[in-house]
Amino acid sequence: MTSISREWLVRKTLMVTAMVVVVGLALVVFFMVKESLPAFRKAGPANLFSATWNPREGRYGMLVFLVGTLTTTAGGLLLGTPLALSLALFLTQVAPRRSRGLFSRAVEVLAGVPSIVLGWLGFTMLVPWIRSVTGSSGSGILAASIILAVMVVPTITAISRDALEAVPSSYAQASLALGATRWQTIFRVILPAARHGILAAVILGMGRAVGETMAVAMVIGPASVFPTSLTSPTHTLTTKILMEMGESTGVQRSSLFAMGLVLLFLAMALVVLVRRVSKARRYEGWVE
Amino acid sequence: MATREKVGVSTEVRPKLREETPSPKERGKRRSGQFLADRAATVVIWAFALLALALVALVLGVILWNGLSTALTPSFVFGKPQAMREGGGIWPMVVSSFYLAALTLLLVIPLGVGAAIYMSEFAGEGRVARLVRFGADSLSAVPSVVFGIFGMVVFVIYLGLGYSLLAGALTLTLLNLPTVMRSAEEAVKSVPKSYREAALAMGCTRWETVKKVVLPVAMPGITTGAILSAGRIVGESAAVIYTVGLFVRKVPWSPFQPAAPMAANIWHMYTEGALVPDWFRVASGEAAFLLIVVLVLNLLARLAASVVRRKTGYRT
Amino acid sequence: MTVAEVRARTAESRSQHEVVDTGGIGRSSSLKELEMVHNQAAVDGEAKFRLGSMSLYYGERKILEDITMDIPERKITAIIGPSGCGKSSFLRCLNRMNDLVEGCRVEGEVLLDGEDVYRRECDVTALRQKVGMVFQKPNPFPKTVYENVAFGPRILGIKERAQLDEIVESSLKKAALWEEVRDKLKEPALALSGGQQQRLCIARVLAVEPEVILLDEPCSALDPIATQRIEDLLSELREKYTIVIVTHNMQQAARISDYTAFFLIGCQGDPGRLVEFGETGTIFTAPADERTERYITGRFG
């Protein structure tokens with residue numbers, strides 16, 4: 001009898017620890033909503049989603065930062081995805097076994113580099129370099145995209161590598177036995193079979209890019225206006241929150257939380273998207 | 001009769017998927033461009049792979065080149081930080097980083113492992129499991145700066161902890177919980193079913209089975225996951241800046257004191273650098289030291305798994 | 001260079017191997033015990049493949065040793081033997097699918113229409129189109145029925161729809177699958193039954209107009225009825241194609257093949273060797289080698 005009740009207790013305790021993620025998520029959502037309510041009440045959605053950020057005149061528009069987030073994310077994915085996909089293909093299809101370890105170790109190392117360290121690298125090397133080449137300030141969407149590309153490469157590589165490895169080798173064998181070359185096999189059989197997994201990898205990479213803060217903050221600005229070029233300063237949602245949260249109060253502070261809420265919304269949307277894709281992935285065999 | 005030269009020579013080893021480049025007259029009905037395309041694609045992929053390798057080398061190289069000499073100076077690592085003066089050290093920041101990591105692990109490992117055990121041993125595929133899965137997926141996607149301002153509101157202000165190691169540890173617990181949980185779950189799931197069945201067949205309860213059989217076997221995986229998340233905690237800054245602090249002069253002793261982990265302090269040097277004349281040297285040294293710490297932790301994670309495995313003698 | 005010279009040189013290399021081989025003592029005795037009986041039956045007509053003292057290595061391990069045989073054109077040759085004797089590895093030497101195995105190496109001669117398959121300038125992709133392969137487990141691509149059959153032609157650069165349609169239809173007809181799938185061409189191939197999938201794989205091979213078809217235990221994953229249909233199909237295909245089939249099912253070999261080769265390993269870790277090769281009728285009724293008889297009568301393997 002005692003052993004059964006202890007078993008029950010243990011089970012419930014473990015369930016509580018498992019529920020921490022659910023409660024945590026609920027708390028995060030709750031407090032983001034709660035803290036951003038004053039901004040929605042006092043400034044209103046039209047103001048919050050306008051293009052002008054000027055707290056002294058009561059303008060709390062986040063459009064500039066939203067655009068900054070989207071453009072830097074797009075830029076990072078544009079630069080990072082080809083590299084990451086090539087790496088994943090290289091590691092799974094091309095690399096001789098001996099060099100495979102070196103390359104995959106290198107990707108792991110890159111995944112471990114703290115974002116602040118990458119930001120410092122961007123600030124000390126990349127921005128001055130862009131400045132000297134273009135004659136502009138150097139910081140901006142271009143620099144941020146390059147840094148984000150470096151950050152998403154390990155994520156996209158790792159996940160699409162898993163997807164490529166999950167493709168049954170019998171597909172490749174059938175294709176090669178029909179006289180297809182290695183790359184015909186890769187492009188016509190292996191990549192199509194892994195496409196849902198690769199898509200999921202890119203979406204997760206996108207999530208990483210949207211949420212990245214420190215590395216971007218050190219190379220993007222600061223400026224609260226639309227950039228005039230790829231190398232003129234601007235802000236993203238994350239960097240704006242980071243820069244201003246310390247010294248803001250009232251509606252301004254609340255509007256920063258509203259930006260956090262938008263970020264949260266973007267992140268959750270991507271999670272839902274990935275889950276969709278993974279569900280489709282289960283029917284990987286059922287194509288066209 | 002055509003014979004190959006290498007009959008009788010046994011040294012040649014055929015590489016995997018080797019280049020398929022025939023002489024022009026051998027191509028037969030094959031379209032001529034394909035072999036060129038195949039060769040070109042291979043060259044391109046190698047170029048990309050080498051580019052990535054060069055990129056990693058560049059990142060590590062530049063950071064270490066700029067900061068390694070500073071980071072390896074004892075008076076820098078163990079020295080007191082200075083403002084308005086040159087020659088400051090980072091000892092309080094080093095301690096803060098490790099203190100914060102230890103405190104966070106203390107909270108996150110029991111929660112993560114508990115959740116993992118629940119998910120793999122007890123939950124099944126019910127509603128609770130689906131909810132937890134969704135929670136973990138979503139939480140792992142939340143940007144760290146959002147965790148930062150959440151921690152600031154809830155732990156720093158609402159619970160009245162102020163900027164403190166504990167507020168940071170609680171925030172980072174939430175941030176790291178999904179990953180710790182996932183790695184622990186993978187470790188637990190890799191334990192063969194037959195082990196469990198053997199224990200259950202001897203009359204063990206589920207919990208006894210978990211405690212005596214599953215956990216010991218899963219230990220190497222759990223340890224690896226824990227050390228890897230230690231690396232992430234040490235490198236985290238966005239969630240730390242508004243919960244723990246950016247700059248301290250003295251080594252923090254109590255979890256209720258404010259502290260300044262290295263990652264956050266680099267940001268401080270970048271924004272408030274004017275207060276420290278040699279801020280560039282300090283930040284470069286700190287970045288290099290931080291990078292080394294993270295790399296060593298990653299290496300340790302790899303080693304730890306094999307050490308723990310050898311000690312327990314279990315194999316998964 | 002004559003076959004005899006090649007043999008001599010291979011024998012030389014073999015003796016070198018035994019010196020290098022650490023387990024040489026125990027092994028060489030078992031080799032003697034397993035001295036091959038050359039029951040080189042007079043093959044009717046032309047030989048499609050001529051193997052001369054072919055040996056296969058995976059890294060340091062010798063998988064097959066000293067295989068010498070002719071595979072006759074437009075006949076069905078069955079490869080039988082206990083599992084682990086290198087039957088499948090043997091098959092994969094003929095279209096160089098073994099190239100995919102890291103550290104794989106072939107010594108001796110493998111001549112297809114008089115040309116060495118392992119010569120340096122050999123176009124492996126053209127070889128594999130000439131020598132098609134069907135695998136143990138049906139492995140259609142996760143594409144439609146149509147796209148599976150059209151895969152090979154597309155690889156060859158055929159793009160016109162009409163031409164592809166024609167190839168798909170004729171290949172499916174040759175594989176005796178057309179009637180069953182003519183309304184399902186746009187459906188996923190994986191929705192077909194196992195036997196249909198295997199016939200689809202045969203159609204896929206036929207679509208690139210091969211001269212030889214290698215089948216690696218094609219019926220081992222199928223039920224008796226599906227097996228029957230594949231066997232009927234193979235008997236029809238014999239008219240036009242050279243067929244080599246690996247099978248663990250001796251009745252199957254006896255039923256459908258014209259020639260049979262019996263492979264055997266001495267003991268665990270030894271390379272597989274060809275014990276006996278000849279007309280199927282002779283092998284099954286009056287085998288020259290005692291081991292063949294023991295195997296066929298079911299006393300081991």
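Strand 2 and strand 10 of chain C pair in the parallel sense over 2 bridges; strands pair if DSSP finds at least two bridges between them. In strand 10 of chain C, Gly272(C) is the bridge partner of Leu64(C). This is a predicted model: local features need pLDDT of at least 70, side-chain atom pairs count only at pLDDT 80 or more, and totals for chains, interfaces and linings use all residues. Residues are numbered from 1 along each chain as its sequence is written, while chains are lettered from A and ligands numbered from 1 in the order in which they are written.

**Chain C overall**
- Chain C has 12 helices and 10 strands. These are DSSP runs, numbered from the N terminus: helices are H or I with at least four residues, strands are E with at least two.
- Of the 301 residues in chain C, 52% are buried. Buried means that 20 or more other C-beta atoms lie within 10 Å of the residue's own, with C-beta atoms placed from the backbone.
- Among contacts in chain C with a separation of 6 or more, 71% join residues 24 or more positions apart. Two residues are in contact if their C-beta atoms, placed from the backbone, lie within 7 Å.

**The sheet of chain C**
- The open sheet has 10 strands in the order 5-4-1-2-10-9-3-8-7-6, with mixed pairing.
- Its edge strands are strand 5 (115-116) and strand 6 (131-134), each pairing on one side only.
- Strand 1 (residues 47-58) and strand 2 of chain C run antiparallel, joined by 8 bridges.
- Leu64(C) in strand 2 is the bridge partner of Leu56(C).
- The hairpin of strands 1 and 2 of chain C has 2 residues between the strands, and Gly59(C) takes a positive phi near 60° there.
- Strand 2 (residues 61-72) of chain C is mostly covered, with 11 of its 12 residues buried.
- Strand 9 (residues 259-265) and strand 10 (residues 272-279) of chain C pair in the antiparallel sense over 7 bridges.
- Tyr259(C) stands opposite Glu279(C) in strand 10 of chain C.

**Helix 8 of chain C**
- Helix 8 (residues 194-206) of chain C packs on the sheet, touching strand 6 and strand 7 (212-216).
- The direction of helix 8 makes about 170° with that of strand 6 of chain C. Axes are lines fitted to C-alpha atoms, for helices over the stretch in contact, and angles run from 0 to 180 degrees between N-to-C directions.
- Helix 8 of chain C has 13 residues and reaches 18 Å from its first C-alpha to its last, close to the 18 Å expected at 1.5 Å a residue. The expected span is 1.5 Å times one less than the number of residues.
- Helix 8 of chain C is largely enclosed by the rest of the structure, because 12 of its 13 residues are buried.
- Those buried residues include Gln196(C), Arg199(C), Cys201(C) and Arg204(C).
- The packing partners of the buried residues include helix 5 (145-155), helix 6 (161-174) and helix 9 (224-237) of chain C.

**Contacts with chain A**
- Between chains B and A, 70 residues of chain B are in contact with 65 residues of chain A.
- Helix 1 of chain B gives the most to the chain B side, with 17 residues.
- By class, that side of chain B has 53 nonpolar, 12 polar and 5 charged residues. Ala, Val, Leu, Ile, Met, Phe, Trp, Tyr, Cys and Pro count as nonpolar, Asp, Glu, Lys and Arg as charged, and the others, Gly among them, as polar.
- The contact of chain C with chain A takes 25 residues from chain C and 19 residues from chain A.
- Elements giving two or more residues to the chain C side are helix 4 (124-130), strand 6, helix 5 and helix 8 of chain C.
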